[in-house]
Amino acid sequence: MIQLEGVSKRYLTKKALDDVSLQIEPGHIIGLIGSNGSGKSTTLKLISGLLQPTKGTVLIDGETAGRRICRKVAYLSELDAYYSFFTVKQTVDFYAQTFSDFNREKAEEMLEFMKLDQSQKVKHLSKGNRGRLKIVVTLAREVPFILMDEPLSGLDPMVRSSIIKGLISFIDLEKQTVIITTHELQEIEPLLDTVILIKNGVILDQKSVEDIRCNENLSLVDWMVEKYEH
Amino acid sequence: MAQPFNPSVPIYLQLCERIKNKIVRGELGMGTRLPSVRDLAIDSGVNPNTVQRTYHELEESGIVEKKRGQGTFVTENSVVIRRMREDLKISHIKLFVTEMREMGYSETEMLDGLNDYLAQKEENE
């Protein structure tokens, strides 16, 4: 379980998160949604131990999120963080060496599924294929928590759909929990169990997606707009 | 990607409807094995937990049966299937009648209209 208790994060004078408390149950796919600059990426970075809170605590299965939490958490950055002179195969090798939980077989299977050519250099890949490669190396790690910052942004519909299918195929929800930030709500909606809505560093609501449909008769987009305007 | 979902109805219910329709149409015969949770999730692009819930819902109403270690199967109980077929018919008729009534058609107009439509269709075929 992921727990944030009274977490605030300040960048110099700008407050990114303001007294956020959250509980995320395992075995779900969670969407962290909100406008640009609302604090989504900051939240993910705090959970993955890449940032330390200014105030409050972040606990992953009872352990404070610090440098060593990466044993439990895989984090996919919204930026391209790969050596461009590596080939696809070398990138996968590099990850396999870096993380002891890396499942080589699963990675191969996913490369096949995503139709990625292992001999190609990262710098020669299209943006879509770089996006796919990021997904492969993140999902090949057998960790209980997977965090994905904007895995779909700027990609064409075919790539987005292959990423979504890859997610469903290769995630084991009996052992894993996934948190995704995205603006592609319509596409991601069928995939989510729960959404967490964040605005200006404050959590507005946390709700089951089916409940939103069932009780409020709203699609995720409409719900978000309604909550944001109030 | 697969067929889109209606955004304001729970997905697990929509999946239930789709499976029921397939059974009524005979695409899924009695005793047929349903796809695994994961396969259906991938096919329809939804969360595996949602498919789980769909199967659970169908199991509760007796339409499918879970066999330990083998998967989920369409029931071989023809009474259940017949009842489901009947329910589906009634719900569609209900919808039709409600909408027609809202637009101000009388019952005779509906019946005549339906008969005419069917007769015309028969001629064309």
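Which residue in β9(A) is the bridge partner of A:L32? In this predicted model, that partner is A:I196. The strands concerned are β3 of chain A, which spans residues 29-33, and β9 of chain A, which spans residues 194-199. They run parallel and are joined by four bridges.

Strand β9(A) has a further pairing, with strand β10 of chain A, residues 202-208. Here the sense is antiparallel, and six bridges connect the two strands. Within this pairing, A:T194 has A:S208 of β10(A) as its bridge partner. A hairpin is formed by β9(A) and β10(A), with two residues separating the strands. In the turn of this hairpin, A:N200 shows a positive phi of about 45°.

In general, the strands of a sheet pair through backbone hydrogen bonds, in either a parallel or an antiparallel manner.

Attention may now pass to another part of chain A. An open sheet is built there from four strands in the order β2-β1-β4-β5, with antiparallel pairing. Its edges are formed by β2(A), residues 14-24, and β5(A), residues 63-64, each of which pairs on one side only. The partner of β5(A) is strand β4 of chain A, residues 55-60, and two bridges link these antiparallel strands.

Notes. Residues numbered from 1 in each chain as written. Chains lettered and ligands numbered in written order. Predicted model: local features only at pLDDT ≥ 70, side-chain atom pairs only at ≥ 80, totals over all residues. Pairing = 2+ DSSP bridges.
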